[in-house]
Amino acid sequence: IKAAMYQMKYRNMVEEDNSENNVFFLDTLIAKTKAPAKNILQSMQAELFNSYKQNNRWKFYDRSPLTQETSNDISTWSLEKLVRTTSALYKASLQNETLLKTTKLDGLDAILQKGKNTRQLRPTLYDFLAHRALAFFMDGENDVINPAYKFIMNDERIFAPVKEVVKAGFPTADTSSQYYNALLLLQNILKFHLNDANKDALLDADLIRLQFANQHGIFANKETLYENALLAIEKNYNSSSYAGMAKYFRALEYQRRGQQYHPFRNKNNRFDIVKAKELLEEIVKQYPATDAAANSKNLLHELQLPSLTLQTEKVNLPDEPFRSLVKYKNAATLYLRAVQVNRSEMKELEMKGYDAIWPALVKIKAIKEWKVGLPDTKDLQEHSTEIKMEALPLGSYIILGSVNPSVSE
């Protein structure tokens, strides 16, 4: 395997059209190799085909499939043939399943994905190859064939507990469906790790299953099914970091619902982002030094960031108060400053570029400074309100607004 990788790297350096040549260079090696090395090479070849598709997708979309496509020149292939070939190779890479499931990953560092606890989450060669294939089958962009009876994920058992979902049958006439093959593969992975003493590999695959079902399933009650499945993981594996990750996915779901809030059209989801924040804070406290905690800290920062937009009429009466529309989030006080500029000064600032305008404006001595209290909604949502602006004498002004008292940010 290492020799094949070095040869392909060398061919990349010295040959034109190397990506196409490397794809078929592996044919020779696969024909001469036995399992389990053969399975690895088949997975590598599938990945090369898929990479070629991704890098050249613009060439395929206006190309119709031919009745017979026998050429080895993949630059002439249709998208359908390329996807079918890739799919077949990933399936072939999982043959000799018993052997793969008893083959450890020792000595295969050259092909392992760095940065993830591969030994624990992908303890066998089967796990490693199955998850590579799974990533391909779950990618909706690869579902390019539209049969008369297309597989639809609308069976609620997709969200069932692991012991039930591994036994469930999902019959369909569309057996070539990418999503159908992803579902079968997920069942196999889950079944393989069902009785593991260490549940990390099982829970990792189970969370992939639930996200996949939530993203692509078609159910009237999908939100409830998804949340209940995540809650079950939190309850049954409370001491595992994967319970924290399940809670993080629930927080993401509350964030998504909260983003649907509208003060007039949809008031039901107003405080869902607050619920997400509370879950994230629990994760940071309960599961420190985990991926779930790191993700939660990042999302907490995002949810609590203040934002501010001011909109004012360009012309207002001198020496009279006027109104401005304020859109704000996570801010209780608006700090305002009026600076006087003439047209030539403004044009000079604009010539310096957008990024230079604000730093230049905050250095100008203010004609007037004041602050306005904003309704503290405590819902982490964006709101709009009109505020009274202080009267200004005749002249041209720019109003600077900030949630920072120094009006420098």
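User: Which helices have axes that come within 7 Å, and at what angle do they cross?

Analyst: In this predicted model, the axes of helix α15 (residues 343-351) and helix α16 (residues 354-361) come within 7 Å and cross at roughly 130 degrees.

User: Which residues make the contact, and of what kinds are they?

Analyst: M346, L349 and E350 of α15 meet I357, A360 and L361 of α16. The residues of this contact divide into 5 nonpolar, no polar and 1 charged.

User: What makes α10 roughly antiparallel to α11?

Analyst: Helix α10 (residues 200-216) and helix α11 (residues 222-236) pack at an angle of about 170 degrees, with their axes 10 Å apart. Angles over 145 degrees count as roughly antiparallel, so α10 is roughly antiparallel to α11. In total the contact of α10 with α11 divides into 8 nonpolar, 3 polar and 2 charged residues.

User: Which residues have the most contacts inside the largest nonpolar core?

Analyst: They are L185, L207 and L280, in a core of 84 residues. Helix α7 (residues 125-138) gives the most to this core, with 9 residues. Leaving aside neighbours within four places in sequence, L207 is in contact with L230, I233, Y242, M245, A246 and F249. Another core, of 13 residues, lies apart from the largest one; Y328, A338, V372 and L374 are among its members.

User: How do you know that R250 counts as buried?

Analyst: R250 has 9% relative accessibility, and buried means under 20%. R250 therefore counts as buried. This residue is found in helix α12 (residues 241-258). Not counting residues up to four places away in sequence, R250 touches E227, L230, L231, E234 and L279.

User: Why is A251 called buried?

Analyst: The relative accessible area of A251 is 0%, against a limit of under 20% for buried. A251 is also found in helix α12. Beyond four places away in sequence, A251 touches A276, L279 and L280. A251 and I283 are 32 residues apart in sequence and 9.8 Å apart in space, C-alpha to C-alpha.

User: What is the phi of N330, and what is the phi of K378?

Analyst: Phi of N330 is near 55 degrees, a positive value in a residue other than glycine. Phi of K378 is near 55 degrees too, again positive in a residue other than glycine. Most residues other than glycine have a negative phi.

User: Is the peptide bond from A35 to P36 cis or trans?

Analyst: The bond is cis, with omega near 5 degrees. Most peptide bonds are trans. P36 is found in the loop between α2 (18-32) and α3 (37-55).

Methods:
Residues are numbered from 1 along each chain as its sequence is written. This is a predicted model: local features need pLDDT of at least 70, side-chain atom pairs count only at pLDDT 80 or more; totals for chains, interfaces and linings use all residues. Side-chain values use heavy atoms; hydrogens and water are left out. Axes are lines fitted to C-alpha atoms, for helices over the stretch in contact, and angles run from 0 to 180 degrees between N-to-C directions. Helices (H or I, at least four residues) and strands (E, at least two) are DSSP runs, numbered from the N terminus. Contact means heavy atoms within 4.5 Å. Ala, Val, Leu, Ile, Met, Phe, Trp, Tyr, Cys and Pro count as nonpolar, Asp, Glu, Lys and Arg as charged, and the others, Gly among them, as polar. A nonpolar core is a set of buried Ala, Val, Leu, Ile, Met, Phe, Trp, Tyr and Cys residues joined through side-chain atoms within 4.5 Å. Buried means under 20% relative accessible area, exposed over 50%, partly exposed in between (1.4 Å probe, protein chains only). Angles under 35 degrees count as roughly parallel, over 145 as roughly antiparallel, 65 to 115 as roughly perpendicular and the rest as oblique.
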